[in-house]
Amino acid sequence: MGSRSVPPSTASGADVLAIETVSDWVQSLEPLVLSLLVLAVVGLGLGGWWVVRWFRRPPGVRLQRVLDSHDEVAILMHPNPDPDAMSCAMGVAAIAETVGTDTTLQFPGEIRHQENRAFRTVLDLDLERVESGSDLAADAVVLVDHNTPRGFTGAQMVEPIAVVDHHPGNGAGTEFTDVRTEYGAASTIFVEYLEEIGGTADNEDEDGPAISPELATGLLYGIQSDTNHLTNGCSRAEFDACAYLYDGIDEDLLERIANPQVSDDVLQIKARAITEKRVEGPFAVCDVGEIGNVDAIPQAADELMHLEGVTAVIVYGQHDGTLHLSGRSRDDRVHMGETLRHAVSDIPMANAGGHARMGGGQVSIDHMEGIGPSDGIGKPEFEERLFSALAGER
């Protein structure tokens with residue numbers, strides 16, 4: 001006799017019991033409690049949707065929203081700001097203006113490099129100098145072109161709300177952070193921000209904020225100065241940014257910034273670097289001695305890079321008890337930022353770093369000569385360290 005097939009049960013006895021238990025539990029809940037549970041689930045869903053939507057917004061829009069949440073912000077540049085830093089500060093101010101937030105552009109140190117002074121003067125920038133944290137114009141601080149506050153008393157106590165930079169580092173903003181080490185200039189990031197919020201450099205689109213000729217020229221020059229006229233450390237983004245700005249630049253302003261008069265002391269330091277350099281293989285190092293203008297050191301390093309057969313250089317000089325170093329490299333074996341960092345790594349109170357093609361640092365003379373836990377070294381030994389670091393031996 002053939003067997004009868006019995007359809008399988010759709011649920012076991014245990015499953016049925018569990019379902020009935022849950023059903024009884026739900027029915028037993030007070031209406032108020034049930035309503036609160038429903039609201040909590042809906043709230044979690046909406047919260048998750050809002051977070052996803054926030055982080056999917058373009059960075060420029062997110063920075064604009066952050067600025068909109070503050071009545072006033074202090075835009076802080078790094079010590080002795082260069083055109084890249086100053087143009088970034090201009091970019092923050094332009095974005096803040098679209099949401100009615102007041103801004104103050106501030107910096108520690110001095111502006112003495114002739115290119116930097118020309119940039120400030122030609123573009124008529126209103127910049128304030130800070131010597132301590134109490135000089136900051138607002139509690140809300142935005143850092144540009146560096147990611148850790150430095151160069152003034154109380155800098156370590158400052159917690160910026162936003163950080164925009166292209167240098168390596170661990171600094172971050174409490175509300176917004178955008179550090180792109182693959183970019184050649186921080187100004188490039190701000191060009192992208194302006195594009196993301198609808199800014200136009202040709203001033204023909206009335207829907208978005210107009211990018212003034214001064215801002216377009218400043219951003220373009222900021223990119224050029226940090227990439228050696230688009231020949232050093234560029235990404236594709238730098239070329240795209242320059243193309244975006246092109247229709248809005250003022251060629252007269254650009255020419256005046258690019259061709260400032262050079263002071264006599266800068267020319268003398270450049271000459272000293274050329275005549276007193278020490279060359280070993282493809283590397284050149286020069287001590288330019290006591291100087292009055294520290295901005296002349298990177299200019300002297302740029303000058304030495306023109307020497308035939310030299311692929312990496314380090315120039316250093318002494319000012320107010322501190323050795324200031326500047327390095328340049330077009331040698332694939334020499335990451336200049338890491339080279340300088342390794343050279344000063346065991347000297348107390350010294351700091352150095354930078355990118356593959358350029359770097360800088362500061363060393364306290366007293367600490368180098370023995371103050372602190374180290375035995376101390378003199379300039380001859382320090383120079384040997386520099387050559388060893390260039391050769392990858394440190």
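**Sheets and strand pairing**

The model is predicted: local features need pLDDT of at least 70, side-chain atom pairs count only at pLDDT 80 or more, and totals for chains, interfaces and linings use all residues. Residues are numbered from 1 along each chain as its sequence is written, and side-chain values use heavy atoms, with hydrogens and water left out.

Terms
- Two strands pair if DSSP finds at least two bridges between them.
- Helices (H or I, at least four residues) and strands (E, at least two) are DSSP runs, numbered from the N terminus.
- Axes are lines fitted to C-alpha atoms, for helices over the stretch in contact (heavy atoms within 4.5 Å), and angles run from 0 to 180 degrees between N-to-C directions.

- Strands β10 (residues 322-329) and β12 (residues 358-364) run antiparallel and are joined by 7 bridges.
- Opposite arginine 328 stands methionine 358 of β12.

Parallel sheet
- Another open sheet is formed by 6 strands in the order β3-β2-β1-β4-β5-β6, with parallel pairing.
- At its edges are β3 (127-129) and β6 (176-179), each of which pairs on one side only.
- From one strand to the next, the twist averages 25 degrees.
- Strand β1 (residues 72-76) runs parallel to β2 (residues 102-107), and 5 bridges join them.
- Isoleucine 75 has leucine 105 in β2 as its bridge partner.

Helix on the parallel sheet
- Helix α6 (residues 186-196) lies across β4 (141-144), β5 (162-165) and β6, at about 115 degrees to β5.
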